[in-house]
Amino acid sequence: MLVLILGTGFFLMIGLRFMPLLKLGLGFRMLWRGRKQQGAGDITPYHALMTVLSATVGTGNIAGVATAVFLGGPGAIFWMWCTALVGMATKYAEAVLAMHYREVDGKGNHLGGPMYYIKLGLGQKWLWMASAFAIFGVLAGFGIGNTVQANSVAHAALDAFGIPLWMSGLVMAILAGLVLLGGIQRIGVVSAALVPFMALTYVLGGLVVLATHLDQIIPALQLIVVQAFSPTAAAGGFAGASVAAAIQFGVARGIFSNEAGLGSAPIAHAAAQSNDPVAQGTVAMIGTFIDTLVICSITGLVIVVSGAWTSGLTGAALSSAAFEQSLPGVGTYIVAIGLVLFAYTTILGWSVYGERCAEYLFGERVIVPFRILWVLMIPVGALAQLDLIWLIADTLNALMALPNLVALLLLSPVVFRLTREYFTTQSQ
């Protein structure tokens with residue numbers, strides 16, 4: 001599965017002639033321009049990306065990175081970076097296809113994503129694959145996008161503030177329900193308010209920690225690169241890890257964090273008020289850059305420079321210990337508040353993905369029952385056993401990604417053609 005995700009990303013990056021890396025500046029300009037409506041759609045291109053980031057910037061950025069380091073050693077961070085670099089091409093291609101093949105439902109909502117580009121781009125004989133994606137999308141939503149997030153928030157709130165698990169679950173359910181009533185438009189507005197604030201606050205906290213360990217940053221980067229290709233020896237509470245473990249957990253957690261290849265993000269990008277698939281694609285690829293190469297890197301570097309990676313801790317507890325060690329009395333709260341906000345917005349963003357997949361399968365009548373069930377599952381996730389939930393989430397991610405990756409490979413000529421035409425027109 002991991003080979004297929006990396007391989008697809010690499011193939012798309014070569015086919016696009018490294019455009020996602022070379023046109024990174026263009027992506028940021030398009031994002032700035034996308035604050036205003038650029039065409040038909042439900043939300044502005046900027047709100048579309050904020051909705052995607054609200055879903056992708058979640059527990060994977062804090063607990064997921066720490067889990068990767070605990071299981072694979074510092075070298076896992078290097079493989080996470082590799083996933084993100086090729087993932088930019090994957091995320092770009094997903095958004096281009098989602099915009100190129102989208103439909104409008106009876107209520108005027110713009111619908112798109114893998115199930116639609118499989119149906120409209122590949123034709124009738126591939127309809128089973130579109131349905132398979134939608135089924136896995138609904139199920140994965142309740143895993144990666146709901147219960148995993150609720151569980152992480154509840155445990156972070158219990159450890160940092162002593163709040164009972166059931167109370168965290170109940171409060172989150174109420175707050176999520178209030179936003180979900182307004183559909184994707186309200187989710188876009190709330191995400192646009194929360195995502196930049198929470199990302200900047202967390203990144204600034206991480207930069208302060210790194211500033212207190214300036215002399216350790218170069219050795220930490222060397223350690224990450226060296227241990228990506230050589231086994232990590234046991235140290236302190238760290239049991240040691242093979243190169244295979246570094247690759248496996250680095251790539252798995254990278255995908256869990258930025259979701260490139262899963263097919264989730266294009267569902268939100270399809271709702272963007274834009275008539276240009278390539279322009280929205282360049283906005284989409286910025287999401288992977290911000291999520292993994294900025295936010296995940298901060299978490300990973302803080303864990304390594306502080307030396308906390310040898311403590312034997314894992315998940316959010318490891319990230320929390322790393323921040324607390326450098327910022328006593330403050331670090332734990334930075335991680336706890338970051339986790340709560342990241343996970344809350346993920347629950348909102350993923351509700352869009354799950355709802356759109358359910359609507360594809362059952363029609364518009366399923367929207368209200370789906371939203372009610374989504375809210376009811378939040379307290380269940382807060383009280384459930386974490387290990388099993390993470391395992392289920394990873395499995396559902398893989399099942400969801402398979403139909404999407406096959407579609408991306410089969411429809412890649414369309415992506416390459418649209419990209420060529422766009423940049424040829426721009427240069428004239």
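**Note on the predicted model: overall fold and helix packing**

1. Among contacts between residues at least 6 apart in sequence, 83% join residues at least 24 apart in the protein. The model is a predicted one. Its secondary structure comes to 19 helices and 2 strands.

2. On overall dimensions, the C-alpha atoms fill a box of roughly 55 × 45 × 40 Å along the principal axes. The radius of gyration is 20 Å, which agrees with the value near 22 Å that a compact globule of 428 residues would have. Of the 428 residues, 61% are buried.

3. Helix α16 (residues 331-362) packs against helix α10 (residues 183-211): the two axes come within 10 Å and cross at roughly 150 degrees. Because of that angle, α10 is roughly antiparallel to α16. The crossing of this pair is left-handed.

4. The residues at this contact can be listed by helix. From α10 come I184, I187, V190, L194, F197, M198, A199, Y202 and G205, and these meet I334, L341, F342, Y344, T345, L348, S351, V352 and R356 of α16. By class, the contact of α10 with α16 has 14 nonpolar residues, 3 polar and 1 charged.

5. Helix α16 also contacts helix α4 (residues 45-56). The axes of α4 and α16 come within 6 Å and cross at roughly 120 degrees, so the two helices are oblique to each other. α4 passes α16 in a left-handed crossing. On the α4 side the contact is made by T51, V52, S54 and A55, and on the α16 side by F342, T345, T346, G349, W350, V352 and Y353. The contact of α4 with α16 divides into 6 nonpolar and 5 polar residues, with no charged ones.

6. Reading the two α16 contacts together, F342, T345 and V352 are among the α16 residues that meet α10, and F342, T345 and V352 are also among those that meet α4.

7. One glycine of α16 deserves a separate entry. G354 is found in this helix and, at 0% relative accessibility, counts as buried. Leaving aside residues up to four places away in sequence, G354 touches G137, V138 and F370.

8. Elsewhere, helix α5 (residues 59-72) packs against helix α14 (residues 277-305). Their axes come within 9 Å and cross at roughly 55 degrees; α5 and α14 are therefore oblique to each other. The crossing is right-handed. G60, N61, I62, V65, A66 and V69 of α5 make the contact with D291, I295, C296, T299, G300 and I303 of α14. The residues of the contact of α5 with α14 comprise 7 nonpolar, 4 polar and 1 charged.

9. Is R253 buried or exposed? With 7% relative accessibility, R253 counts as buried. Not counting residues up to four places away in sequence, R253 touches G64, T67, A68, M80, W390 and D394.

Notes
Residues numbered from 1 in each chain as written. Predicted model: local features only at pLDDT ≥ 70, side-chain atom pairs only at ≥ 80, totals over all residues. Heavy atoms only, no water. Axes fitted to C-alpha atoms, helices over the stretch in contact; angles between N-to-C directions. Helix = DSSP H or I, 4+ residues; strand = E, 2+ residues; numbered from the N terminus. Parallel < 35°, antiparallel > 145°, perpendicular 65-115°, else oblique. Left-handed = near helix turned anticlockwise from the far one by under 90°. Contact = heavy atoms within 4.5 Å. Nonpolar A, V, L, I, M, F, W, Y, C, P; charged D, E, K, R; others polar. Rg over C-alpha atoms; globule rule 2.2 N^0.38 Å. Buried < 20%, exposed > 50% of the residue type's maximum accessible area, 1.4 Å probe, protein only.
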